[in-house]
Amino acid sequence: MGKIRDYSRLASDILQETGGETNLIGFSRCATRLRLVLKEVPAGAVENIKQLPGVITVVLSGGQFQVVIGTHVADVYDALAAIVDTDKLQSGGEKRRFFDTVIATMSAVFAPIIYVLAAAGILQGILITVTWFLPSFQQTGAFSVLNFISWTPFAFLPVFIAVTAAKFFKCNMFIALFCCCALINPDWAVIAAQIAKGNAVTFFSLPLAETVYTSSVLPPLFLVLGLSYLERFVERVLPQVIAPLFTPLICVVIMVPLTLVLIGPLTSGLANGIAMGYNWLFETAPALAAAVIGGVWQVIVIFGVHWGITPVVMANFDLHGRDSFQAFQTMAVVGQMTAAFACALKAKQRGFKTVAYSAGLTGVFGITEPAIYGVTLKLKKPFICGCIGGAVGAIVTSLFGSYYYAYAGLPGLLTIVNAISPENPLSFIGEVTGVLVTLVVTFILVFVVGFKEPEAKSDESRGAAPAAPASPASAARTVTASPVATSASTLTLMSPVAGNALPLAEVSDETFSGGLLGDGIAIIPEEDVIVSPCDAEVASTVDSHHAVGLLCANGAELLIHVGLDTVKLGGKHFSTLVKIGDRVSAGTPLIKFQRSDVIASGYDITTPFLVINSEDYQMTKYIHNGPVASGAPVMAVS
């Protein structure tokens with residue numbers, strides 16, 4: 001199966017709902033979020049985008065309109081970049097606060113490279129593990145090669161930052177690379193070593209500091225920020241005929257010395273100062289520092305401001321070769337992962353179980369937004385349980401004096417090996433113990449405290465008047481129960497249309513494929529008429545005429561949804577042939593539509609055929625894929 005959703009359409013819908021290109025100041029992404037900076041937030045944009053297939057939720061924070069998508073955010077970002085002319089984006093709207101600007105910058109700079117850093121960190125963790133069990137491996141050539149590979153992204157971190165920061169600050173990437181490469185030139189390391197020995201070195205009488213810039217974050221970042229202003233000024237004043245040559249020359253001879261003399265020492269000192277402040281708290285009251293990070297970190301993630309800590313963590317590794325922050329951060333991640341799995345085990349609804357298991361699995365890899373927004377925060381109590389479990393686990397970890405000895409781009413269950421150190425054998429023991437405590441405490445709390453399981457989608461509007469849905473989910477919610485006798489007999493459901501059947505999991509809309517609206521099958525129609533799959537009562541219709549809900553004699557609630565996103569056609573090419581309250585027999589025409597016209601309009605005509613309250617029944621599917629005739633048996637519920 002290919003991509004699970006139409007990323008281009010999702011990007012286009014997000015852009016349209018947020019006011020289009022004229023309302024967009026800039027956009028970036030992190031590991032799970034598309035981050036938009038808007039001149040103003042259009043009325044209804046938040047709720048409308050939340051309803052789009054593939055969107056987990058929307059967060060307004062840090063001066064950004066953050067669309068939480070999950071691991072496919074890169075695809076949506078690329079699709080948006082393909083349809084937006086970035087040269088036409090203009091600044092506007094209210095001036096952002098300094099803190100908002102800092103967070104937006106850190107997110108834009110680190111998000112594109114986070115998986116590279118995470119991969120290098122995992123490789124370091126593997127090497128640490130292997131040499132722990134097989135010390136002789138450290139003397140081999142294989143270890144030497146893999147080791148320098150694992151350190152490469154950190155040694156050349158200013159180069160990576162040059163690329164991402166140049167995109168964010170809209171300056172020439174190659175000039176930024178020229179400047180940042182100069183910072184990590186080995187010749188500068190030699191000069192810095194001389195200064196460290198007490199030999200004064202000056203640049204036109206200006207003293208140079210001993211600061212070196214491998215693995216540094218803020219110095220290259222501020223260099224590129226300054227470069228963006230200098231470059232625009234130089235290009236504005238130079239004659240066009242000489243600008244291509246002299247712009248990089250002027251920029252590099254100004255920005256590199258300025259960084260070596262002023263920007264580098266100041267920004268490195270800032271990051272190191274904050275890191276030392278945190279380390280002071282950790283050394284003075286380790287349990288307090290651990291409890292705060294383990295318990296509060298996921299609250300910070302909710303608001304999308306967690307990238308601001310990256311320079312501090314990197315400064316710790318640069319100064320001490322280790323970091324306790326990520327050791328405790330791991331417990332916070334494990335807490336939400338565990339809470340999601342606990343919800344999946346405790347829940348009874350099949351659709352919700354699927355969502356919770358999927359969100360928990362994503363948390364294994366250090367990404368907790370799906371678990372937070374899709375499960376724990378939505379249910380409130382499990383989120384709190386996860387935070388408490390993370391705090392307790394982090395406190396236990398602190399008692400062992402645990403640290404991470406290799407940077408983890410995405411701290412989580414897979415990165416705990418980064419705590420291994422021959423010089424500190426208790427570090428890894430403490431990390432493992434903290435993880436186990438987090439798992440146990442969170443599981444127990446979720447099962448003891450409990451939570452109110454989300455009501456089945458079909459029950460959310462019982463007794464309410466049907467309304468035109470804005471999404472497949474709202475189409476399901478219009479199924480309204482009527483007093484029909486319920487029996488335990490088996491009900492055979494016929495295919496509502498001739499076509500090709502496919503498993504629901506292959507539908508390119510997560511609302512359906514994830515089982516959020518119930519179990520069933522999908523059919524790609526080859527006819528223009530949808531018929532009733534059994535004797536039933538029409539429970540709902542919609543103004544856009546693309547869906548109908550049926551209530552069966554045994555209480556099963558059915559939804560036939562013609563096409564994906566076809567609600568946007570507003571009823572064009574569709575006609576509903578029945579009304580609410582009608583009693584229909586198997587084979588009665590329900591919906592007529594112009595199949596070729598819908599396809600020509602760019603819509604997927606895949607038609608999910610669902611039992612919305614499937615968790616209340618035993619289901620048997622007679623066909624999973626392949627050709628199917630209208631009226632042929634496809635499912636049974638009992």
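This is a predicted model: local features need pLDDT of at least 70, side-chain atom pairs count only at pLDDT 80 or more; totals for chains, interfaces and linings use all residues.
**Asn316.** Leaving aside neighbours within four places in sequence, I found Asn316 in contact with Ala275, Tyr278, Asn279, Gly321, Arg322 and Asp323. Asn316 sits in helix H13, which runs over residues 310–320. I then checked its accessibility: Asn316 has a relative accessible area of 2%, so I logged this residue as buried, the cut-off being under 20%.

**Gln329.** I went on to helix H14, residues 325–346, which holds Gln329. Is Gln329 buried or exposed? I read a relative accessibility of 9%, so Gln329 counts as buried. With neighbours within four places set aside, its contacts are Ile293, Trp297 and Pro411.

I placed Phe246 in helix H11, residues 243–284. Phe246 is listed as partly exposed because its relative accessibility is 34%, between the cut-offs of 20% and 50%. I also found Phe246 in a nonpolar surface patch of about 900 Å².

I took the "transmembrane region" positions from UniProt, where the entry is unreviewed. The record lists residues 98–128, 148–166, 173–191, 211–230, 242–267, 287–309, 383–406 and 426–451. I checked two of these spans against the model. Residues 242–267 are 96% helix and 0% strand, with the end C-alpha atoms 33 Å apart. For residues 211–230 I got 65% helix and 0% strand, and 24 Å between the end C-alpha atoms.

**Helix H17.** How far does H17 reach from its first C-alpha to its last? I read 28 Å for its 19 residues, 381–399, close to the 27 Å expected at 1.5 Å a residue. After H17 comes Gly401, and I noted that its phi is positive, near 70°.

**Whole protein.** I closed with the totals. The protein has 21 helices and 20 strands. Of its 638 residues, 53% are buried. Among contacts between residues at least 6 apart in sequence, 74% join residues at least 24 apart. I recorded an accessible surface of about 27000 Å², and 63% of that surface belongs to carbon and sulfur atoms.

Methods. Residues are numbered from 1 along each chain as its sequence is written. Side-chain values use heavy atoms; hydrogens and water are left out. UniProt positions are given in the numbering used here, feature names are shortened, and annotations may be inferred rather than shown by experiment. Helices (H or I, at least four residues) and strands (E, at least two) are DSSP runs, numbered from the N terminus. Buried means under 20% relative accessible area, exposed over 50%, partly exposed in between (1.4 Å probe, protein chains only). Contact means heavy atoms within 4.5 Å. Patches are made of residues with over 30% relative accessible area and no salt bridge: like charges are joined within 9 Å, nonpolar side chains (Val, Leu, Ile, Met, Phe, Trp, Tyr) within 5 Å. Accessible areas come from the Shrake-Rupley method with a 1.4 Å probe; for residues, only the protein chains shown count as cover. A salt bridge is a side-chain nitrogen of Lys or Arg within 4 Å of a carboxyl oxygen of Asp or Glu. The expected span of a helix is 1.5 Å times one less than its number of residues.
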